[in-house]
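Subject: Structure for you to look through

Dear colleague,

I am passing on the structure we spoke about, together with some notes on what was found in it. Please open it and keep it beside you as you read.

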Amino acid sequence: MQAIRLARPRVSLRRLATIAQVPTSGPSSVTASVIPLSNVEAQWENISKSEQAVVHRQLEELQKKDWKTLSLDEKKAAYYVAFGPHGPRAPVSPPGQGFKVFLGTMGLVGLAGLLTLAIRSQSPPPPKTITREWEEASNQRALEQKSNPITGISSEGYSGKGYVVSK
């Protein structure tokens with residue numbers, strides 16, 4: 001069984017005292033661990049889930065009082081427990097991870113560019129039918145054969161390029 005005791009000394013630093021039962025080989029012994037409210041942020045991840053629940057419940061009880069009577073440490077501890085970066089609000093990636101992802105992405109893009117250049121250097125030259133002279137000769141051949149006389153290259157008033165597509 002866990003019990004909570006709120007230690008209220010006359011000094012401004014208030015502490016929560018939690019009593020946790022620690023199982024041992026002999027009869028169960030009770031040890032008290034004091035968690036200062038001024039340092040909840042640093043100790044929150046190191047205390048057990050049951051102690052976290054006890055601190056959370058105690059802070060909920062403190063918040064039911066007038067907020068003007070709470071100390072600054074109690075307010076900070078209540079805010080951290082309610083909205084701190086722990087549990088589901090814990091950061092997914094550590095700080096500086098975005099720069100590493102950017103560098104990795106740029107490295108992979110550079111590698112893909114080098115791979116493209118290497119493949120193009122090993123490829124055969126383009127076929128002779130992709131030259132501008134060949135395409136102009138194809139236009140002359142289409143005019144001689146009067147191919148597509150309604151809307152195409154052989155039609156009256158045609159102003160397109162015909163088969164010329166290369167620069």
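The notes below begin with confidence and then turn to helix packing and an aromatic pair.

Please keep in mind that this is a predicted model. The protein chain has a mean pLDDT of 78, and 78% of its residues reach 70 or more. Among the elements of the chain, helix α4 (residues 97–122) has the highest mean pLDDT, at 96, whereas strand β1 (residues 3–7) has the lowest, at 37. Over residues 1–32 the pLDDT stays under 50, and for this stretch the model has 54 contacts beyond four places in sequence.

How do helices α2 and α3 pack? Helix α2 covers residues 49–63 and helix α3 covers residues 72–83, and the two pack at an angle of about 125°, with 10 Å between their axes. Angles over 145 degrees would count as roughly antiparallel and those from 65 to 115 as roughly perpendicular, and α2 and α3 are therefore oblique to each other. Their crossing is left-handed. On the α2 side the contact is made by H56, L59, L62 and Q63, and on the α3 side by E74, A77, A78 and V81. Sorted by class, this contact has 5 nonpolar, 2 polar and 1 charged residues.

Lastly, a search of the whole structure finds 1 aromatic pair. This pair is formed by Y79 and F83, and it is tilted, with 5.2 Å from centre to centre and 45° between the planes. Because Y79 and F83 are 4 residues apart in helix α3, about one helical turn separates them.

With best wishes

Methods: Residues are numbered from 1 along each chain as its sequence is written. This is a predicted model: local features need pLDDT of at least 70, side-chain atom pairs count only at pLDDT 80 or more; totals for chains, interfaces and linings use all residues. Side-chain values use heavy atoms; hydrogens and water are left out. Axes are lines fitted to C-alpha atoms, for helices over the stretch in contact, and angles run from 0 to 180 degrees between N-to-C directions. Angles under 35 degrees count as roughly parallel, over 145 as roughly antiparallel, 65 to 115 as roughly perpendicular and the rest as oblique. A crossing is left-handed if the near helix is turned anticlockwise from the far one by less than a right angle, and right-handed if clockwise. Contact means heavy atoms within 4.5 Å. Ala, Val, Leu, Ile, Met, Phe, Trp, Tyr, Cys and Pro count as nonpolar, Asp, Glu, Lys and Arg as charged, and the others, Gly among them, as polar. pLDDT is the predictor's confidence in each residue, from 0 to 100. Rings of Phe, Tyr and Trp (its six-membered ring) pair if their centres lie within 6.5 Å; planes under 30 degrees apart count as stacked, over 60 as edge-to-face and the rest as tilted.
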